Amino acid sequence: MSNFASVDAGAKIALATSTDERHCPESTIDGNPSTFWMTTGMFPQEAVVTLSSPVAVTSILFKSANVHRLCIERSESTEPVDFEKLTEIEMDSQDGQRQSEEFRLKNPTVARHLKFRITHGFDHFVSVHSISVSGTQVQ
């Protein structure tokens, strides 16, 4: 199954609220399991992933550490605007270890951009290790 939120698939980070040159937001979509995005110590933190073309999203896999509350939004617009909430979840603490949450959508939902908004963390800093998006490319 293809990961539409990967650099190899043409995805890019359109916006991030914080960056560190050693742990940049692009690390979430680079396909390298040893890289990650490290946020700064304030919340909320956001990253917007722009897909290469619209996708009927069926599932999203989000791997992180110390994320407490996450909201995922989508936009069908050409530009990353007019977002609508897909889901919001409170994640379980893993005592600093990696978290893995898969969000399966009951009905495929078309998205060109996905916003990942971390509203609370279990620590001052959180890390996002990977974002994967499954679905079907829309013509």
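Which residues have the most contacts inside the largest nonpolar core?

1. **Ground rules.** This is a predicted model: local features need pLDDT of at least 70, side-chain atom pairs count only at pLDDT 80 or more, and totals for chains, interfaces and linings use all residues. Numbering starts from 1 along each chain as its sequence is written, and side-chain values use heavy atoms, with hydrogens and water left out.

2. **The core.** V49, I60, F62, L70 and F116 have the most contacts inside the largest nonpolar core, which has 27 residues. A nonpolar core is a set of buried Ala, Val, Leu, Ile, Met, Phe, Trp, Tyr and Cys residues joined through side-chain atoms within 4.5 Å. At least two core residues come from each of strand 3 (45-65), strand 4 (67-75), strand 6 (98-121) and strand 7 (127-137). Strand 3 gives the largest share, 7 residues. In soluble globular proteins, nonpolar side chains tend to be buried together.

3. **V49 and its contacts.** Contact means heavy atoms within 4.5 Å. Leave aside neighbours within four places in sequence, and V49 is in contact with A5, A11, K12, I13, I29, R112, H113, L114, F116 and I131.

4. **The fold.** The chain has 0 helices and 7 strands. Helices (H or I, at least four residues) and strands (E, at least two) are DSSP runs, numbered from the N terminus. Along the sequence the pattern reads β-β-β-β-β-β-β. The radius of gyration is 14 Å, close to the 14 Å of the globule rule for 139 residues, so the chain is as compact as a globular protein of that length. That radius is taken over C-alpha atoms, and the rule is 2.2 Å times the number of residues to the power 0.38. The C-alpha atoms fill a box of roughly 40 × 30 × 30 Å along the principal axes.

5. Of the 139 residues, 43% count as buried. Buried means under 20% relative accessible area, exposed over 50%, and partly exposed in between (1.4 Å probe, protein chains only). Take contacts between residues at least 6 apart in sequence: 76% of them join residues at least 24 apart.

6. Buried or partly exposed: which is F122? F122 counts as partly exposed, at 35% relative accessibility. This residue sits in the loop between strand 6 and strand 7. Beyond four places in sequence, F122 touches N66, V67, H68, M91, D92, S93 and Q99. M91 is in the loop between strand 5 (84-90) and strand 6. At 2% relative accessibility, M91 counts as buried. Residues that M91 touches, not counting those up to four places away in sequence, include F62, L70 and F122. F62 and L70 are also among the residues with the most contacts inside the largest core.

7. **Backbone details to check.** A cis peptide bond joins F43 and P44, with omega about 5 degrees. P44 lies in the loop between strand 2 (37-38) and strand 3. Two residues other than glycine have positive phi: N66, near 70 degrees, and D82, near 55 degrees. N66 is in the loop between strand 3 and strand 4, while D82 is in the loop between strand 4 and strand 5. N66 counts as buried at 17% relative accessibility. D82 counts as exposed at 62%.
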